[in-house]
Amino acid sequence: MRVLRNLVLLVLILSVAGCGAVSSSGGTGNGGVVTRALTSEPATLDPHGAAGSGQNVILPYIFDTLVYRDTDNTYKPFLAESWTVSEDGKTVTFKLRGGVTFHDGTALDAEAVAFSLQRLKDAGAKSPLASGMAIIAGIEAVDRQTLRLTLTSPSATLFSTLSMPYAGIVSPTAVKQEGDSFGQKPVGSGPFKLHEWKPGVSITLVRNADYKWGPPSVKNQAAPHIAQAVFKVIPDATTQLTALQAGDVDIAFVNQPEQVQTLKQDKNIQVIESPLNSLIYLGFNCQKPPFDDVRVRQALSHAVNKAELVQTALGGVGKEAFAPLSPTLPGFDPSLKSFELSYDPARAKSLLAEAGFTQAADGTWTRGKDRLSGLLLTSSRAPNDAIATILQSQFKAIGVPLEIRLLDSTAAMNAMSKGQYDLMVWRYDWNDADVLNIYLGSANIGRTNRVFYSNKAVDDLLNTAGRTMDDKARQQMYVDAQKQIMADAPWQPLYVPIDYTAVRTRIQHAVMGPMGRVLLNDVTVTGK
Amino acid sequence: MIRYLLQRLAGGIMVLVAISLVTFLLLEQAPGDAAEALVGESASAAQLAAARHQMGLDVPLLRRYADFIAGIVQGDLGRSLVSGRPVTTLVAERFGATLELALATMVLSLVAGSAIGLLAAAHQGGYLDLLLMSIATLGISLPTFWVALLLILTFSLRLGWLPVAGAGSPAHLVLPAVSLALPTISVVARLMRAGMLDVKGAEYVRTAHSKGLSPRHVWQVHMLRNGLNPVITMLGLHLGHLLGGTFIVETIFGWPGLGRLVVQSVFDRDYPVLIGAVLLIAVMYQILNLAVDLIHAILDPRLGKEAL
């Protein structure tokens, strides 16, 4: 035990003292170790298993995907060199890149990709890509370099599904060999391979010296320059910040406004905005009186002062939102701004009066025997508590008292699905405009549509858009759907979060990938 | 003696059964289940139902509990609903780190606490006594998370002597152990001081002095033995608490202990892992209680006859 501990200490000292003292076998890597703070440790690194926080941060380094999603939401060749879509949109044929091998030496050919996608499909509900994979009816390796997918219907979301870290291509040899423990010993074809996993402490990856198939958005398509990438588990946000400042970690994800201010003053740290396809919104329970009345929803939407919210609850770290789609998603259109139910307390009050409410002397509103008030449900995660408090005071200003309930996310989701709330503050992170169908389509009521919103016209637009392969036509459908949604007001979009990645300046050429990912392919490091 | 041990063992098993049932039912009462926690918010109703089936959550409650107990009897704690890994492995991975931190905290508390207590007792009523006891009061009053952050800021960020977070080397152990030990050191110091002052005037101590024994010998052999009694009881129970994982300190220092595993399994509604960990903690408590009783019997033979 003691010997072991001293050895670990020795390795630690070596890795700090002489970057690259740890093996960087083969290639021209000039060494160095990059350490990233990880808030929660993944339960498994099997991309086709259960998803969990922390997992999608690490997966893209170990596994490559068929197609690559760029930061501008376009799809680029990755393991697939090119692809063709049939006339009817139901057959997609991929031409694979040649000469690609997994970390264990197994050739990555059409057979291997077919095996992987079938495995992902078989994982069923456990995978977050279950609904995306359900439309794939047939997976067929035509020859060594050709893969054909047959779809049940044309799908605009196929490429989004295939580019996700959870669709990583796994080595069939390793899967057969490791069985249940593949998640602890993952083997892919990515720029890094797993070296060591110390439970609860860290996950260490080493460079894949044979790598030469990097995605198009990095300069260095070959093996990474650095020798190791270490993911250090630090659950506490404040400790992460301190570790970053002390130089114990090089990269950390930052989402607390006050931390951003502190870090910006540190000359050894660069703070980079991470583009995320997310939105925070206020949702109304559209089936529960009086919120089933569109005028009440509109009135309450007009009571929200987003500028104050962003300033007070977020310290300005966020952009006011007006449309249901996040600005980075296809289908977002600046012209939608004119349809926003913007801050207007006078309009709010007149809409309530129109809906049959009368204002009492104490400022509250009643219709018949019912007093207008609401239960605001959200998760206890920051900054939701602050947002809820600000909304409570803004609603109070027009005479509508709110009661706030904070639950852990699973409990909150459960209560929302059952409709046990009046208003909710929630966030989505999704990389396709199809998010509207998931959360507002009436087919999903009682499950993912937790606001119980139903509009036939919107359903038709969203369903057609999901099957339309022509980008322009598809985007127009989403714009039209959003106009109707904004008028019906099941959601009042609040703000688009700005999340940051803090990187120590000794790390050079870090490239921001999609969904807050830091690509390490080009990275070089200088001394501490 | 053997009869006594058997009685304790039987009682212990009853307690474990009760604890596992209560844990199981409590988690069952929490809104949302493991399937819901796992598939996330964007999964459809069909996917959720499929996940429930895959995880065996569609089996009736009592049946699931019975299966679980049947597994335990055969030495199988089951598998995590999230990662599919054996619970025994998951818990074992964390227990080593928890034990390491708990023992370091104990040793630190016992050594530093006793030393301070003895020193204060020796200078009873003097300035040193006042100073040490004031510091001890402060040590109990300061919240652990605050002390932990302050230690990190001072020793890791300012001075750069110790790593901020993580585990794997003795250097990593220092700050979490000190944070956890600070309140315990203070309590031990106070108990030790009080214990020593209690027996200072006792007849057997006077006898020892009058026999011409050196004051050092009287303190070390005759007084310390009695002074230690309350300290042992307190530390024994506290060790049980430490072995249950210390979530806040583990979170702040990124220490890979049981506490984080337990809390995560609650959020995931991962009942096999939660119950596995809770049972281990309960077993530890029982063993420690027994150990404390036995140590008392050795330290104080009079007590031994009554207790055993």
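Buried area, the quantity to keep in mind on this tour, is the accessible area (1.4 Å probe) that two parts lose on being put together, summed over both.

You're looking at a predicted model, where local features need pLDDT of at least 70, side-chain atom pairs count only at pLDDT 80 or more, and totals for chains, interfaces and linings use all residues. Residues are numbered from 1 along each chain as its sequence is written, chains are lettered from A in the order in which they are written, and side-chain values use heavy atoms, with hydrogens and water left out.

**Stop 1: domains of chain A.** Colour domain 1 (1-41 + 199-275 + 508-528), domain 2 (42-190) and domain 3 (278-497) of chain A; the bounds come from an automatic or database domain assignment. Now select domains 2 and 3 of chain A: about 890 Å² is buried between them, with carbon and sulfur atoms giving 54%.

**Stop 2: chain A against chain B.** Show both chains and pick the residues in contact (heavy atoms within 4.5 Å): chain A supplies 43 and chain B 47. Together the chains bury about 3,800 Å², 59% of it on carbon and sulfur atoms.

**Stop 3: a salt bridge.** There are 2 salt bridges between chain A and chain B. Zoom in on one of them, R94(B) with E41(A), where the closest N and O atoms are 3.1 Å apart.

Key:
A salt bridge is a side-chain nitrogen of Lys or Arg within 4 Å of a carboxyl oxygen of Asp or Glu.
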